[in-house]
Amino acid sequence: MLSSALLIGASGCKPKNAGDATGSDAAAKVYVPPGKYDEFYNFVSGGFSGQVSVYGVPSGRLLRVIPVFSVDPEKGWGYSEETKPMLNTSHGSVPWDDQHHLALSQTDGVIDGRWIFANANNTPRVARIDLTTFRTAEILEIPNTAGNHSSPFITENSEYVITGTRFSVPMDYEPGDVPIESYKKNFKGTISFVSVAPESGEMNVAFQLLLPGMNFDLSHTGKGPSSGWFFFSCYNSELAHTLLEVNASKRDKDYILAVNWKKAEEYFKAGKGTKRPAKYAHNIYSDETHTATSTMNNEVTVLDVKDFPDIVYMIPCPKSPHGCDVDPTGEYIVGSGKLAALIPVFSFSKIQKAIADKTFDGDYEGIPVIKYEAALHGEVAKPGLGPLHTEFDDKGNAYTTFFISSEVVKWNVKNLNIIDRIPTYYSPGHLSIPGGDTKKPYGKYLIAYNKITKDRYLPTGPELSQSAQLIDISGEKMKLLADYPSIGEPHYAQSLPAELIKDKSVKIFKLDENKHPYVTKGEKESKVVREGNKVHVYATMIRSHFNPDNIEGIKEGDEVYFHVTNLEQDWDVPHGFAIKGAINAELLVMPGETSTFKWIAPKPGIYPFYCTDFCSALHQEMSGYIRVSAKGSNVPIAFSLGKNSDPEAAAEGTPTP
Ligand code: CUA
């Protein structure tokens with residue numbers, strides 16, 4: 001069984017029954033009739049696309065791609081003056097990132113439908129997406145971090161979003177210009193506690209824990225009895241800095257780091273820790289001003305765990321652990337070693353007893369190592385090859401993805417018996433069960449995110465889409481229902497019942513509450529104002545015209561700001577804005593919103609602009625002209641809509657001097 005499964009993973013050969021009908025009732029189970037809603041929203045990380053996509057489950061219909069860390073010309077994200085600050089970092093504006101993991105906000109360990117948090121793996125950042133607008137509301141850079149892969153992980157009441165560094169590096173406040181060979185001495189790891197304000201959701205780096213220079217991977221917070229703790233998988237306990245595939249895979253066991261975060265918070269609140277200089281950007285988008293602001297922070301509190309010995313403990317975990325998942329009861333912690341041939345399940349109560357009894361096996365870089373057997377609930381024997389991630393249903397079962405043997409395996413958390421296995425096509429990374437990492441899993445569907453697609457879809461050249469695979473987990477046996485392609489390269493995903501948020505979705509922004517400094521609330525207020533070589537165009541959009549639509553008096557080299565306000569107050573009536581030759585993307589302006597398009601006036605001539613979003617029967621008519629004159633010209637600023645032609649100019653057709 002395993003060897004044939006391994007072949008599948010390794011070669012992508014077509015396994016028996018691949019592509020066969022999945023059962024006569026599968027089609028009916030994923031069919032959502034036209035006009036009907038899906039049962040779940042599924043938020044899927046975009047990997048190297050940097051964005052988050054939203055699918056309906058069970059239909060697999062793509063509902064939305066939310067721009068987060070990458071510019072998105074479709075929506076003007078990162079191109080409008082208002083959204084440019086969202087991508088600001090201490091390195092300047094970064095137009096792209098690699099988005100791996102998502103965490104829905106929770107109250108009492110249950111998904112509450114307020115926000116979803118997303119990590120940026122490359123330039124360390126965490127984003128908060130508002131689930132009423134489906135927009136990125138905030139992006140916070142994380143200092144003293146390199147490769148914010150182990151992120152974001154939310155605590156039970158969304159007190160903190162917890163993030164860990166993938167790469168250990170010299171701290172920002174220490175000299176960075178050191179020999180790479182001095183890794184063991186100079187490279188450190190950190191775990192950051194990002195506080196989340198209860199009402200606004202605003203994030204801040206509250207404090208960081210300074211740790212040995214391992215690579216931190218994935219984490220989950222405790223719940224119920226393990227409330228106040230979280231568990232982080234760590235690899236490269238060898239502290240290697242080259243040829244990691246060999247040098248970081250030497251030890252039979254790496255570690256799961258158990259962190260008493262309540263204790264750490266206590267020390268922080270008591271004023272412990274050291275304030276260190278740091279530089280990290282904090283970007284917030286306001287739905288009132290429809291504008292983002294970026295501020296640079298310059299300090300962070302760091303607690304060296306060596307000085308606080310009762311915060312962290314190590315639990316040995318075979319081998320090169322990746323996923324680290326806590327079951328809905330909060331008692332069991334599942335470690336998934338990428339190179340392990342079994343799945344260890346640890347017991348929180350045993351961990352506590354081992355700590356109380358000091359059942360330690362020495363220390364790792366000063367951190368007590370709990371004896372493996374003392375922390376262990378048991379091992380799942382021969383589960384498959386290359387376990388990666390585990391989620392849970394509401395009946396005491398766990399579901400683990402196996403990258404190498406290309407399957408999902410269902411097993412019982414208490415007795416550790418394997419119940420069922422189902423092949424995936426091919427090589428799954430993460431999986432997602434709605435609520436599957438919370439106290440309250442919904443347990444109806446499982447979606448596996450496969451890294452290799454091979455023969456699942458029509459060929460599209462050298463690159464094939466990654467694939468999501470929907471599996472029915474309502475019965476004893478898992479049943480494959482459908483495949484659908486995904487955006488970017490999905491890693492983790494989270495889902496919630498549509499009921500929780502669908503009626504809270506914002507339909508319009510109220511025009512009379514628009515506090516944008518350049519808003520134009522009615523067509524009569526439209527104007528064009530010159531301030532030196534800057535020109536501000538206060539324009540409106542409503543079906544099916546711009547006001548103004550004829551603009552003159554712009555001179556070559558002028559810095560022109562088109563502040564366009566969408567006057568519509570109806571759901572689903574955005575207007576777009578684009579100018580011929582502009583080195584920018586379009587703007588896509590929502591009802592009641594103002595967005596700004598910056599344009600350096602090019603060589604003299606006539607430049608059409610138009611609405612890009614098919615908004616009405618006369619959408620094609622929604623357009624206008626801008627005249628650009630030579631630098632020294634004395635053409636006055638003029639703007640109009642529906643003005644009759646000047647009969648003389650019309651007759652002569654000559655350029656105004
Ligand atoms: Cu407005 Cu098309």
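I call a residue buried under 20% relative accessible area, exposed over 50% and partly exposed in between, using a 1.4 Å probe and protein chains only. The model is predicted, so local features need pLDDT of at least 70 and side-chain atom pairs count only at pLDDT 80 or more, while totals for chains, interfaces and linings use all residues. Residues are numbered from 1 along each chain as its sequence is written, and side-chain values use heavy atoms, with hydrogens and water left out.

I looked up Ala197 first. Ala197 is partly exposed, because its relative accessible area is 26%. I found Ala197 in the loop between strand E12 (189-196) and E13. Strands (E, at least two residues) and helices (H or I, at least four) are DSSP runs, numbered from the N terminus. For contact I take heavy atoms within 4.5 Å. Not counting residues up to four places away in sequence, Ala197 touches Trp115 and Glu202. Glu159 is 38 residues from Ala197 in sequence, yet their C-alpha atoms are 7.5 Å apart in space.

Next came Pro67, in the loop between E3 and strand E4 (88-89). Pro67 counts as buried because its relative accessibility is 9%. Its contacts, leaving out residues up to four places away in sequence, are Gln51, Asp72, Lys75, Trp77 and Thr136. From Pro67 to Gly78 I read 11 residues in sequence and 9.0 Å in space, C-alpha to C-alpha.

Ser53 sits in strand E2. With 2% relative accessibility, Ser53 is buried. Beyond its neighbours within four places in sequence, Ser53 is in contact with Asn42, Phe43, Val44, Leu62, Arg64, Val65 and Ile487.

I checked how covered strand E11 (residues 160-164) is. It is largely enclosed by the rest of the structure, because 5 of its 5 residues are buried. In a regular strand the side chains alternate between the two faces of the sheet. In E11, Tyr160, Ile162 and Gly164 are buried on one side, and Val161 and Thr163 are buried on the other.

I count two strands as paired if DSSP finds at least two bridges between them. E10 and E11 pair antiparallel over 3 bridges. Ser150 is opposite Gly164 of E11. Tyr160 has Ser195 as its bridge partner in E12.

**Entry: strand E22**

Strand E22 (residues 342-347) is mostly covered, with 5 of its 6 residues buried. Strand E21 (residues 332-337) runs antiparallel to E22 and is joined to E22 by 3 bridges. Ile333 has Phe346 as its bridge partner in E22. E21 and E22 form a hairpin, with 4 residues between them. I then looked at strand E25 (residues 376-381), which pairs with E22 over 5 bridges, again antiparallel. Pro344 stands opposite Glu379 of E25.

**Entry: the largest nonpolar core**

By nonpolar core I mean a set of buried Ala, Val, Leu, Ile, Met, Phe, Trp, Tyr and Cys residues joined through side-chain atoms within 4.5 Å. The largest one has 33 residues, and Ile191, Phe193, Leu209, Leu211, Leu257 and Val312 touch the most other members. Strand E13 (residues 203-211) gives this core its largest share, 4 residues.

**Entry: pocket and cavity**

I searched on a 1 Å grid over the protein atoms alone: a cavity is a set of points where a 1.4 Å probe fits but cannot get out, a pocket is an open set with protein on both sides within 12 Å along at least five of seven lines, and lining residues have an atom within 4 Å of a point. Points are joined across faces, edges and corners, and a volume is the space filled by probe spheres set on them.

The largest pocket holds about 1,200 Å³. Of its 45 lining residues, Arg64, Thr133, Phe134, Ser505 and Trp571 are the closest to its centre. E3 gives the most to this lining, 3 residues.

The whole structure has 3 cavities of 30 Å³ or more. The largest cavity holds about 220 Å³. Its lining has 25 residues, with Phe153, His220, Asp325, Asp437 and Tyr492 nearest the centre. E6 gives the most to the lining of the largest cavity, 4 residues.
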